[in-house]
Each structure stands twice: as structure tokens, then as C-alpha cells.
Amino acid sequence: MTKPPTRKPLLEDADKPVQSRPRKPRNPAQPNLPLDPMPDRVDPCLALLKTKPPKGRQWAFEVKWDGYRLAIHIEPSGVRILTRGGHDWTDRFPAIAAQARRLPVATAILDGEAVVFDERGRSDFGRLQQSLGGRGGRRTSREAVLMAFDLLYFDGRDLTGTELSARRHVLEGLVPAGGEDAIRLSEEIEADGEVLLRIACEHGLEGIIAKDRNTTYRSGRLGDWLKIKCVQSDGFLIIGYEKSTASFGGIGRLLLAARKGNELLYVGGVGTGFNERSAGELREQMDNLIIGKPAVDTGRKRNAVFIQPKLVAEIQYRAWTHDGKLRHGSFKGLREPQENAAVFQMEQSMAS
């Protein structure tokens, strides 16, 4: 019978503790794995307005939220909340800032929309403004929730050059679906775009967003993201108002203008959508901007007061008349200067 081979012990001296080899000093010439510098601000990717949802497997769909676009910067030194125009509104959204500090990440930039929901779970721009004290108000909103839909920077890595599908994968690991916190995931919805739009409209939502999954994050309105609305809603300059003794704030009708090239063009007026509070606040701001002559030709108007074209009103409307006036318009609120709110640009073929 042969003897089994003798085995050399794992350690020559079993009484000695296990030790790894001594570490050699790091060679200073050996490069570190570089981290991407965290940008102070990223200009947002904006959605291009379309009348119908796109078709194709590359398109992902989400609900269109009606609120303020925000970027949440999470850094070791703290959290910053920036508006679309780059203004620091960290103090205005304490609940969102507190939730951002609790996220399991050292550095990140989240892209999303701050909203306030109504009783039916729909984002309500008017309620968001009221929670902040109205346009130009200085109140803090503890009701606002951030619906996060993109991740631009994560743990030392710039993700803007990465395709959307990969950015969303990381975002969903950071902000899981179905949360009830002050930062929630804006979920992608697996559905045909036209079917989703119809359902969104039936539920009284503003519309849907379509995003090309294969695109990197590009600032501006380049068509990588599309918005399809149930009801048209755009920004128009207030150029005056018609007085009325029977209406809230004495405002019978707001007089509005759009841009056409480098000029302003009168597009009619709206006399609905106000309540006593919003009309009073609006009247106070307009009366500080009164001028003697209208900034644009409005035709003959009785009891009209004209103002400098500095206030941008969000107007919901159904369509345009043949002569370039708004049909069935309703006032939704004033846009903040910090948002860099766009004023509707009329095509050359309209009202020509």
C-alpha cells in the first residue's frame, strides 16, 4: 500500500498570524483614475412641442408634469437646488433639499420637475405657485415634490455623454419607483404613444413626454425630447388689461402678445382662470408697470390700461382663430423670471 504524499503546511509556522505581503509605496508617477469635475450648472434639455406622439421602439414615454423645472445638486458640502434659469432656490424647497441629503450618493445632479398635486393626484401649477406665495413670493413650499426624470452626474462621473437608457438605469437604482418621499421617480410607461396620450387626456393631465432612449443629454430644444399636450398651454406677454367692476381684481380681460420674429404681435385676451387672490396679486403687479401707450397695436379698446410687456402669463387655450387670436383661453398663472419662461413664437404664416 502506497503512502499518501506528504503535504506542505499552508503556513510554515502555524502559530504566526496570517499576513499579506508588505505594501509597496505608491509610485507618484502612476496616474489616479480621474473623476469628472462636477459642473456648477447644466443647461436643461427641453422638450419640443409636437401634435402627435412619435412611433418607434426607441421612444420612451412619461407623464408631462406641470411645475417648475429644477436641478438638484448633491455635493459633500451640501445640496443646491437651481431653477431652469440658474437661480438658487434651495431655501424655497426645504422638503426636497432634506430628501436629497438622505439619498445614498456622495455626488449627483438630478433633473426633474417640482410639482404640487391636487386631490386627484394631478400636478397643479396654480397650487405650486400658491405654496410659494404667488409669483415673486418668498414663501417656502413644503408641499412640493420633485418628480425626478434624469440623472446628469453620479458619484464623480459625468453622465451627460451617456445614452438615456443607461442614465435611467442608474436613476432608478437611486430613486426607486413607487416612493412617497419628497423626491419621486417619474416612471416610464410602457404603452403606445397615441393610447397613452388619450388616457392622459381622459384623466385631465396636461399631456405626455416622449424621449429618445438612444440620445445623450443635450441642452436646448433639439428634438431628443418631445412634448405632446392634451390642451395647448404657452407663455404670452401681458401688455395690458381691460377694467371691469364685476370681475376679480377689476380685471375684465388680460391683453396678450406673442413674438413674431423680433416684434410683438397682439393675440387677443383672456378673461377666465382668475380667483380673488390671484387677480388681486396680478392687478398689483400690473399697476406698477402702467404706460401711456400700448407696446403693440391692439386696435380700439375701451377701458384699457396698458403696461410694459414684462410679465409672462401661462395661458391654456384650445386653438387659434383664422386671424391669429387665441380661442377659449384661460389664465393659469404668471411664470417666474427665474424660469427664463419662453414667450410663444408665432410662425410667419400665422396672422399674416
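**Cysteines and aromatic rings**

Tutor: The torsion about the S-S bond of Cys201 and Cys230 is about -95°, so the disulfide (a pair of cysteine sulfur atoms within 2.5 Å) is left-handed. This is a predicted model, in which local features need pLDDT of at least 70 and side-chain atom pairs count only at pLDDT 80 or more, while totals for chains, interfaces and linings use all residues. Residues are numbered from 1 along each chain as its sequence is written, and side-chain values use heavy atoms, with hydrogens and water left out.

Student: What is the S to S distance between Cys201 and Cys230?

Tutor: In general, a disulfide is a covalent bond between the sulfur atoms of two cysteines. By the distance rule, the count comes to 1 disulfide. The disulfide joins Cys201 to Cys230, with an S to S distance of 2.1 Å.

Student: How many residues apart in sequence are the parts that this pair ties together?

Tutor: Helices (H or I, at least four residues) and strands (E, at least two) are DSSP runs, numbered from the N terminus. Cys201 lies in helix α4 (residues 193-202), whereas Cys230 lies in the loop between β10 (225-229) and β11 (232-243), so the parts tied together are 29 residues apart.

Student: Is Cys45 buried or exposed?

Tutor: Buried means under 20% relative accessible area, exposed over 50%, and partly exposed in between (1.4 Å probe, protein chains only). Cys201 at 33% counts as partly exposed, and Cys230 at 24% counts as partly exposed. Cys45 has a relative accessible area of 2%, and therefore it is buried.

Student: What kind of pair do the rings of Trp65 and Phe117 form?

Tutor: Rings of Phe, Tyr and Trp (its six-membered ring) pair if their centres lie within 6.5 Å, and planes under 30 degrees apart count as stacked, over 60 as edge-to-face and the rest as tilted. A search of the whole structure finds 12 aromatic pairs. The centres of Trp65 and Phe117 are 6.0 Å apart and their planes stand at 80°, so the pair is edge-to-face.

Student: Which residue lies over the face of Phe125?

Tutor: A charge sits over a ring if NZ of Lys or CZ of Arg is within 6 Å of the ring centre and within 35 degrees of the ring normal. Ring pairs link Tyr68, Trp89, Phe93 and Phe125 into a cluster, and Arg92 lies over the face of Trp89, at 4.6 Å from the ring centre. Over the face of Phe125, at 4.1 Å from the ring centre, lies Arg335.
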